[in-house]
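Please look at the sequence and the structure below before reading on. The report that comes after them is written for someone meeting a structure of this kind at the start of their studies.

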Amino acid sequence: MTSKVEFRALRRVFGRTVALDGLDLTIEPGRLVALLGPSGCGKTTALRCVAGFERPDSGAVLIDGEDVTDVPANKRDAGMVFQSYSLFPNLNARDNVAFGPRVRKVPAAVRRARADELLELVGLPGLAGRYPHQLSGGQQQRVALARALALEPRVLLLDEPLSALDAKVRVALREEIRRLQLDLGITTIFVTHDQEEALSIADQVAVLRDGRLEQAGPPAEVYDRPATPFVAEFVGTMNHLPGRLAGDGKVTVLGQALPVDGPAPSGPEVDVLVRPEAVQVSLSPGADPGSGSGEVVAASFRGSSVRLRLLLDGQEILADVPGHEAARLAPGTRVDVRLVERPVLVAAR
Amino acid sequence: MRRPAGWLGALPLLVFYAFVFGIPLAALLAGAFTSRGEPTLANLRQSLEGGNLTAMIGSVQVSAVVALSGAVLGTFLAYAVVTSRSAALRGAVLTASGVLANFGGVPLAFFWVATLGNSGVVSGLLGLPSGSLYSFWGLVFVYLYFSVPLMVLVMAPALDGLRPQWREAAANSGATAWHYWRHVGLPVLTPALLGGVVLLFGAAFAAYATAAAMGAGTVVPLVTLKIANALTSDVLVGQENVALALSLDMIVIAGLVMAVYLPLQRRSTRWLR
Amino acid sequence: MAAVTGLERPLSPGPARPGRSRAWRAVVFALAGLYFLVPLGASLWYTIHTPTTGVSFAPYAELLTAEGFISSLALSLALALATIALVLLLTLPAMLAVRLFAPGLRPLMEVLCTLPLVVPPITFVAGLSTSLRVGADVLAPTPFWATLIAIQDPGFPVVLVLAYVVLVLPFVYRSLDAGLRTMDVRTLVEAGRNLGASWPQVLLRVVVPNLRSALASASFLTLALVFGEYTVSRLLGYQPFAVWIVTVSGSRGQLSVAVSILSLLLVWLLLLAVSTAFGREKK
């Protein structure tokens with residue numbers, strides 16, 4: 001029993017700040033959609049409009065085609081997990097989870113059993129008797145998740161649930177949330193400012209900026225084919241390399257001729273957008289035609305990969321290489337730089 | 001080297017305490033159990049009968065009524081202040097509470113005599129019968145002037161500690177305002193509420209100056225007034241020791257009140273982290 | 001006697017709550033305003049209006065020349081300053097020493113400093129006057145007798161200062177305790193020592209400046225208490241400010257109410273001065 005959620009021309013203004021500026025988005029049943037964007041982009045406001053804690057100034061929120069804008073928050077049937085501090089401090093984990101059923105007058109034994117079931121589902125068997133101040137941050141959020149699911153809502157809303165947690169806990173918990181969501185098949189809206197989080201677990205990523213939708217699509221699409229410069233910069237890192245349109249659907253960059261992906265702006269001088277992992281680095285001397293001679297300026301070791309900052313003809317280029325090559329590519333090394341042979345994105349200069 | 005320093009720093013305070021607080025207390029205990037130079041329980045017995053008992057009961061009654069009504073009124077006022085959008089109003093009421101909670105005493109009595117006393121400015125307007133202020137309820141009414149602000153000061157931080165996420169999470173789980181207050185809001189506030197009631201009781205119980213300045217002693221029996229009379233009266237010789245016994249009774253009651261207050265105060269801070 | 005001033009608790013206004021019905025809040029404020037402001041207005045009116053002579057500010061004009069006004073006010077002020085000095089001198093080093101070197105003493109400190117709350121002032125003065133009387137007899141042949149008499153000198157009764165310190169101790173303790181906790185005194189002292197400061201330097205340059213709002217709060221409470229103190233002062237037979245107000249009320253009703261109004265104003269101004277001077281400090 002899962003639902004479709006729609007935002008239609010949603011608009012919300014706080015004093016002078018425009019939080020939402022005509023947001024249009026559809027979330028299909030059973031999907032996990034991540035609302036991604038910088039602070040102040042309106043993602044939390046949009047989520048709270050679904051939950052009923054914010055009333056849009058104009059536009060509508062629809063659940064299963066029904067306009068719920070006038071429905072009070074306690075009748076929305078949209079379970080929400082807050083960022084932090086949302087567990088009732090005077091109730092233990094079990095009673096926190098059983099709160100919703102209790103309000104609905106579910107008999108004590110039934111609701112307690114269900115609460116225990118849910119706590120086990122979220123990975124906290126045996127902690128039902130603990131109080132919030134006796135639980136770690138990660139455990140508290142699991143209880144909050146169980147509580148949100150207790151009334152079998154038609155939509156699950158998550159407001160940056162992992163932001164206040166340690167890095168390792170964050171990664172583990174987000175995998176579990178995704179697994180749970182897939183098992184239950186519940187429509188889920190996940191708000192985050194962490195693009196890695198969004199890309200790793202979402203079915204669809206919706207990038208927001210200044211209250212408007214910049215792009216919505218599967219993670220790979222948002223990453224590989226950003227629709228706007230903002231998305232290109234916000235999601236992952238992007239190199240901007242000077243290039244020249246060659247007229248036959250190709251562009252010349254770094255001495256290579258590569259096909260243009262998508263529509264090309266009017267040239268001939270353009271910016272070619274290239275991800276660091278699409279830059280190939282090899283040690284000079286290179287006999288390969290089309291490779292330039294550049295120098296490693298800085299190297300940032302990240303465990304599985306190394307991010308190199310290269311200087312090539314006065315142009316700075318970021319490149320990601322496998323971690324085990326770090327030793328050979330120390331700063332000061334002269335290298336050959338080559339782009340992977342695939343269509344590239346081109347933007348106006 | 002470290003340990004002696006700790007004792008050393010605290011030594012002046014400890015010595016002072018032993019002398020200025022310890023000796024009077026010892027004298028009080030000794031005197032309460034002594035009569036004409038001999039150990040006895042007669043003083044204690046006398047302190048709990050007749051006029052003294054009436055006074056004790058009177059004090060407890062006044063204090064209890066003030067504590068309960070002050071707590072309710074103060075909590076509502078604190079809630080109104082905390083949920084108000086105007087920061088200026090918040091600041092003004094909280095500052096006023098800070099002043100009035102510490103005010104009490106003699107000036108308070110005179111304000112009310114000037115307002116609702118027999119020749120008070122307002123009593124004429126309201127057509128109050130003479131002597132209304134100098135009654136049980138008159139005294140309660142006056143005592144609320146410092147009790148309500150005190151409760152506001154206790155409850156405002158406690159109400160602030162109610163996180164908006166709790167309210168929202170409750171609504172999200174289908175709760176109405178009533179459900180929220182019943183299952184989350186009031187339980188979380190209870191330690192602070194009880195602590196406030198206890199604090200108000202203690203303050204009203206120990207009050208002397210206001211009642212004395214009002215001259216309410218003849219109408220409302222209060223143990224503080226009884227003790228003061230016994231101490232200053234030259235007529236009743238040998239009554240000082242009964243006064244000391246009465247004092248001991250007061251301390252025991254105040255002690256019980258404090259024994260309830262402290263653990264409650266600790267509990268309320270734990271939840272409102 | 002209140003336990004808080006509202007100064008030491010940093011109260012940040014919470015996020016705007018959903019608009020509750022404004023009606024009930026307006027009613028609450030109206031009733032509260034009525035209850036708290038009418039007596040003040042009525043008292044003011046009482047002081048300036050007499051049925052026979054109409055409106056006149058005579059009571060205020062007579063204030064300065066009224067018999068005993070200046071002397072009792074001066075006495076209260078002197079007592080207050082002495083009390084503040086003494087209580088801070090006794091408490092601050094003790095609390096610091098315990099916090100830094102002897103944390104095991106902390107529970108004892110807390111119990112001792114909270115105990116006076118259990119002893120209502122009237123009972124304390126009962127025990128105190130008994131001790132003074134008995135002491136005068138017992139110590140008569142010793143040199144201590146002179147000291148005992150000296151502290152009861154009506155010109156400047158040190159005994160009152162001693163008594164006030166006991167009465168105000170719980171509130172000063174709590175205020176300083178909150179301040180020390182907020183400033184994390186241990187870390188700051190260690191940092192100061194690490195940078196080469198001597199103990200007196202640490203005390204003056206590290207601890208005290210960071211305790212400003214706690215010290216201000218404690219001083220305000222002490223000042224307010226001493227000025228309003230009636231019980232102990234009267235029953236020991238002295239006449240500082242509050243006692244004088246009652247004495248003069250018998251003969252000059254309007255004057256005593258006028259003085260009461262002024263004392264409220266004074267306390268108010270004091271709190272404002274203290275909180276603006278130190279309230280800007282970051283907690």
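## About the model

This is a predicted model, in which local features need pLDDT of at least 70 and side-chain atom pairs count only at pLDDT 80 or more, while totals for chains, interfaces and linings use all residues. Residues are numbered from 1 along each chain as its sequence is written, and chains are lettered from A and ligands numbered from 1 in the order in which they are written.

## Chain B

Chain B contains twelve helices and two strands, where helices (H or I, at least four residues) and strands (E, at least two) are DSSP runs numbered from the N terminus. Along the sequence, the order of these elements is α-β-β-α-α-α-α-α-α-α-α-α-α-α. The C-alpha trace of chain B spans about 70 × 70 × 30 Å along its principal axes. Of the 273 residues in chain B, 55% are buried; a residue is buried if 20 or more other C-beta atoms, placed from the backbone, lie within 10 Å of its own, exposed if 12 or fewer, and partly exposed in between.

The domain assignment divides chain B into domain 1 (1-32) and domain 2 (43-271), with bounds that come from an automatic or database domain assignment. The C-alpha centres of domain 1 of chain B and domain 2 of chain B are 31 Å apart, and their contact takes four residues from domain 1 of chain B and eight residues from domain 2 of chain B. Here two residues are in contact if their C-beta atoms, placed from the backbone, lie within 7 Å.

## How the chains meet

Which chains share the most contacts? Of the two pairs of chains in contact, these are chains B and C, with 73 residues of chain C in contact with 75 residues of chain B. The side of chain C that touches chain B divides into 53 nonpolar, 16 polar and four charged residues; Ala, Val, Leu, Ile, Met, Phe, Trp, Tyr, Cys and Pro count as nonpolar, Asp, Glu, Lys and Arg as charged, and the others, Gly among them, as polar.

The contact between chain B and chain A takes 18 residues from chain B and 19 residues from chain A, and on the chain B side the largest share, six residues, comes from α8(B). No contact joins chain A and chain C, whose closest C-alpha atoms lie 9 Å apart.

## The largest nonpolar core

A nonpolar core is a set of buried Ala, Val, Leu, Ile, Met, Phe, Trp, Tyr and Cys residues joined through C-beta atoms within 7 Å. The largest one has 274 residues, and A:I189 and B:L200 have the most contacts inside it. Helix α7 (residues 136-160) of chain B gives the most to this core, namely 17 residues. Leaving aside residues up to four places away in sequence, A:I189 touches several residues of chain A, including A:V5, A:I27, A:L47 and A:V155.

The 18 residues of helix α5 (residues 121-138) of chain C should span 26 Å at 1.5 Å a residue, and the end C-alpha atoms are 25 Å apart, which agrees; the expected span is 1.5 Å times one less than the number of residues. Among the buried residues of α5(C) are C:P121, C:F124 and C:L128.

By the same rule, the 13 residues of helix α5 (residues 137-149) of chain A should span 18 Å, and the end C-alpha atoms are 19 Å apart, which agrees. Eleven of the 13 residues of α5(A) are buried, and what covers them includes α4 (108-121) and α6 (167-184) of chain A.
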